[in-house]
Amino acid sequence: MRAIQMSEVGGPEVLRLVDIDQPTPGPGQAVVEVAAAGVNFLDVYHREGRYSVPLPFTPGAEGAGTVVEVGPGVADVAVGDRVGWVEIPGAYAERAVVDSSRLVPLPDDIGFETAAAVLLQGMTAHYLVKDAYPVQGGDTVLVHAAAGGMGLLLTQLITHLGGRVIGTTSTTAKAELAKRAGAAEVILSSAVDDLAAEVRRLNGGQGLPVVFDGVGAHTFDASLASLRTRGHLVLFGAASGAVPPFDPIRLAHGGSLTLIRPSLGHYIADRSELLRRAADVFEWVRSKALEVTVTGRYALSEAAQAHSDLEARRTTGKLLVVPGAAAVGRREETQS
């Protein structure tokens, strides 16, 4: 079968299309024919070596497809089941092996592309607004990169919960997308000298109770400066690079601030919690509280291009690798 493999860490060019043996399931495992794989910054972190992985390695920590074979002792799924998964690598391939306990059965009204586009980021948004910082009606919240795949979902959910979103984007076109998702105010990050001062101006001169920051190095200082006394910085990603080490006394000087660096895996470690969060996400999709926007579909041979486009912020919404897609005419980029 065909799969993307990396034999070294580095730039997008290390992602190579290869022919490998068909996978076979071990005890408690299932083989899934991949219909679609989500493209996420987690895949970039694996490729860059920021998160260490064994080599050779097939990226793709989010996928959806059909179970075609099961190993001994599998009771959670059966051949023919439509399933999705997150936080298990190997989705950039025609087939993937996944522990059956980590597979999420898909409702009949949730398609493969929708599942691959929403599960990882949807469940991340779920734990961010429900657990990392429980958003309350009336909260004004800063969301960085509000027109990205994660930012659009967060903006919709916070608005659904009664919060008010101030978003940041890099272009006016992206600002319009964020506003359509529910953002009350959008700041063009390249057009202001003091982002935190602009955030406070838009909030009546006051700091915010929480900032959701998936950008990292480029926004960290402004995020801290945007918070009120006893505010919360939820740092859930590092799209612009890792935050340099800092003295925790900064949190005290900023007003007894709280910093959390959460990870989805810790919020879905138990299967019952995994299924509960997935069910909530599917219900939000069903009720239109979440609208999934797929803006790029790439063949396996275009995986490197998908990573390049994601890192360069040439796209908005969600990107997918579709193993069955032809390599021509599948991308639907939104240029910055």
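## The enclosed cavity

Helix 3 is the element that gives the most to the lining of the largest cavity, contributing four residues. In this predicted model, the structure holds one cavity of 30 Å³ or more, and the largest cavity has a volume of about 70 Å³. Its lining is made up of A117, V118, Q121, G149, L152, L153, Q156, E291, V292, T293, G317 and K318, and the elements that give two or more residues to this lining are helix 2 (112-132) and helix 3 (149-160).

By class, the residues around the largest cavity divide into five nonpolar, five polar and two charged.

## The largest pocket

The largest pocket holds about 990 Å³ of space, and of the 48 residues that line the pocket, those closest to its centre are F41, M150, G214, F236 and A239. Two or more residues of the lining come from each of helix 1, helix 2, helix 3, strand 9 (164-169) and strand 15 (318-321).

## Aromatic pairs

A pair of aromatic rings is described by the distance of the centres and the angle of the planes. The structure holds four aromatic pairs. In one of them the rings of F41 and Y45 have their centres 6.4 Å apart and their planes at 35 degrees, so this pair counts as tilted. Both residues belong to helix 1 (residues 41-48), where F41 and Y45 are four residues apart, about one turn of the helix. F41, which is among the residues closest to the centre of the largest pocket, counts as partly exposed because its relative accessibility is 24%, whereas Y45 is buried, with a relative accessible area of 6%. Ring pairs also bring in Y51, so that F41, Y45 and Y51 are linked into a cluster.

A further tilted pair is formed by F220 and F246, with 5.2 Å from centre to centre and 50 degrees between the planes. This pair links distant parts of the chain, since F220 lies in helix 6 (residues 220-225) and F246 in the loop between strand 12 (227-235) and helix 7 (249-253), 26 residues apart. F220 counts as buried at 3% relative accessibility, while F246, at 26% relative accessibility, counts as partly exposed.

## A charge over a ring

Apart from the ring pairs, an arginine is placed against an aromatic face: R82 lies over the face of F112, at 4.8 Å from the ring centre.

## Salt bridges

The structure holds 17 salt bridges. One of them joins the side chains of E113 and R297, with an N to O distance of 2.8 Å. This pair links distant parts of the chain, with E113 in helix 2 and R297 in strand 14 (residues 294-298), 184 residues apart. E113 counts as partly exposed, its relative accessibility being 26%, whereas R297 is buried, with a relative accessible area of 18%, because buried residues are those under 20%.

Other salt bridges lie within a single helix. R201 forms a salt bridge with E198, the closest N and O atoms being 2.8 Å apart, and both residues are in helix 5 (residues 195-202), three residues apart, about one turn of the helix. R201 counts as exposed, with a relative accessibility of 54%. In helix 8 (residues 271-287), R286 and E283 are likewise three residues apart, about one turn of the helix, and their side chains meet in a salt bridge at 2.8 Å, N to O. Both partners count as partly exposed, R286 with a relative accessible area of 37% and E283 at 39% relative accessibility. Elsewhere, salt bridges that share partners join R47, E48, R50 and E311 into one network.

Terms used:
Residues numbered from 1 in each chain as written. Predicted model: local features only at pLDDT ≥ 70, side-chain atom pairs only at ≥ 80, totals over all residues. Heavy atoms only, no water. Phe/Tyr/Trp six-rings, centres within 6.5 Å; stacked < 30°, edge-to-face > 60°. Buried < 20%, exposed > 50% of the residue type's maximum accessible area, 1.4 Å probe, protein only. Lys NZ or Arg CZ within 6 Å of the ring centre and 35° of its normal. 1 Å grid on protein atoms, 1.4 Å probe; cavity = no way out; pocket = protein on both sides within 12 Å on 5 of 7 lines; lining within 4 Å. Points joined across faces, edges and corners; volume = space filled by probe spheres on them. Nonpolar A, V, L, I, M, F, W, Y, C, P; charged D, E, K, R; others polar. Salt bridge = Lys/Arg side-chain N within 4 Å of Asp/Glu carboxyl O.
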